[in-house]
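Trainee: I am new to this one. Could you walk me through the structure, please?

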Amino acid sequence: MRRAFTLIELLVVIAIILILAALLFPVFSQAKAAAKASVCLSNLQQIGYAVKMYETDNDDRLPDRRDLKTTTLGGWKPWTDWPTSDPRCAWASIVFQPYTKSNDVWICPVAKEIFANQIQVVQPITADPNGPATYYWMWRFDHFGSPIPLDDCWGKTDDQALADLQISGDTTVGHPQSLSDVELVVDPYFPDTIPTVDPSVKGATTHFGARNRLYFDLHAKLLHDYRTPAQQ
């Protein structure tokens, strides 16, 4: 005759399950976050390949679509807090569409979750309220004026862009020695070192205090930054 579980035995089993769940939940959460970061990194690499294919088809020059910078939905919108320029890239999704084939590559899955209401991040590609949008930043294409600033890359070859950046004096660029030092596309982030940043997002970034960056030489990596210590 089979003996049934006693109440104490059932409680012990339940307690063990709860302990295991508590131990494994952080592991599953980290695995899920890592998967999203990988999707984002893959997106950036696809964008990078699209940029290089565009250059190959256009005399090795980057696009000069300052017109789209002002005419895409939302236009060119520098903010009074941070940033004071507009690094959003709906213009790029239009220019590189023949090479990317999909608007999905412009969506960091984490940015879509945590920055969905941030006008500094989201830029619609079409007028459809439920349509595609971009969630990345391209700092080297953040103005539209003429002449083209030294720290913007509209219509330049890669070598010219690097040379101009080296003499631009832009402290955010640093001192690039090669194309591997120049950022092309990056996840959105809000440094906690900027006093005017909205307190609700100050220090926030996409991947647990880090953000993915794609460089002009097409290498991409996850960057940890002391200015964005917040954990999502």
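**A guided reading of the model**

Mentor: Let us begin with the sheet: three strands make up an open sheet in the order E3-E4-E5, with antiparallel pairing. Please keep in mind that this is a predicted model.

Trainee: Which strands are at the edges?

Mentor: The edge strands are E3 (183-186) and E5 (220-224), each of which pairs on one side only. On average, neighbouring strands of this sheet are turned by 40 degrees against each other, direction ignored.

Trainee: How many bridges pair E3 with E4?

Mentor: Three bridges pair E3 with strand E4 (residues 210-215), in the antiparallel sense. In general, the strands of a sheet pair through backbone hydrogen bonds.

Trainee: And what is the bridge partner of Val186 in E4?

Mentor: The bridge partner of Val186 is Arg213. Arg213 also forms a salt bridge with Glu183, with the closest N and O atoms 2.7 Å apart. Because Arg213 lies in strand E4 and Glu183 in strand E3, this pair ties together parts that are 30 residues apart in sequence.

Trainee: Are Arg213 and Glu183 buried or exposed?

Mentor: Arg213 counts as buried at 17% relative accessibility, and Glu183 is buried with a relative accessible area of 8%.

Trainee: How many salt bridges does the structure hold?

Mentor: The structure holds nine salt bridges. One of these joins the side chains of Lys52 and Asp158, at 2.6 Å from N to O. Lys52 lies in helix H1 and Asp158 in helix H6 (residues 158-168), so the pair ties together parts that are 106 residues apart in sequence.

Trainee: Which residues are linked with Lys52 in a network?

Mentor: Lys52, Glu55 and Asp158 are linked in a network of salt bridges.

Trainee: Where does Trp139 lie, and how far is it from Arg88?

Mentor: Trp139 lies in the loop between strand E2 (133-134) and H6. Trp139 and Arg88 are 51 residues apart in sequence, and their C-alpha atoms are 8.0 Å apart in space.

Trainee: Why does Trp139 count as buried?

Mentor: Trp139 counts as buried because its relative accessibility is 12%, and the cut-off for buried is under 20%.

Trainee: Changing topic: which residues touch the most other members of the largest nonpolar core?

Mentor: Those residues are Trp91, Phe96, Trp106, Tyr136 and Met138, in a core of 48 residues. At least two residues of this core come from each of H1, helix H3 (90-95), helix H5 (109-114), H6 and E3.

Trainee: Which element gives the most?

Mentor: H1 gives the most to this core, with six residues. In soluble globular proteins, nonpolar side chains tend to be buried together.

Trainee: Which residues form the nonpolar patch on the surface?

Mentor: Leu7, Leu11, Ile14 and Leu18 form that patch, and together they have about 430 Å² of accessible area. Leu11 is found in helix H1, which covers residues 7-57.

Terms used
Residues are numbered from 1 along each chain as its sequence is written. This is a predicted model: local features need pLDDT of at least 70, side-chain atom pairs count only at pLDDT 80 or more; totals for chains, interfaces and linings use all residues. Side-chain values use heavy atoms; hydrogens and water are left out. Patches are made of residues with over 30% relative accessible area and no salt bridge: like charges are joined within 9 Å, nonpolar side chains (Val, Leu, Ile, Met, Phe, Trp, Tyr) within 5 Å. Accessible areas come from the Shrake-Rupley method with a 1.4 Å probe; for residues, only the protein chains shown count as cover. A salt bridge is a side-chain nitrogen of Lys or Arg within 4 Å of a carboxyl oxygen of Asp or Glu. Helices (H or I, at least four residues) and strands (E, at least two) are DSSP runs, numbered from the N terminus. Two strands pair if DSSP finds at least two bridges between them. Axes are lines fitted to C-alpha atoms, for helices over the stretch in contact, and angles run from 0 to 180 degrees between N-to-C directions. Buried means under 20% relative accessible area, exposed over 50%, partly exposed in between (1.4 Å probe, protein chains only). A nonpolar core is a set of buried Ala, Val, Leu, Ile, Met, Phe, Trp, Tyr and Cys residues joined through side-chain atoms within 4.5 Å.
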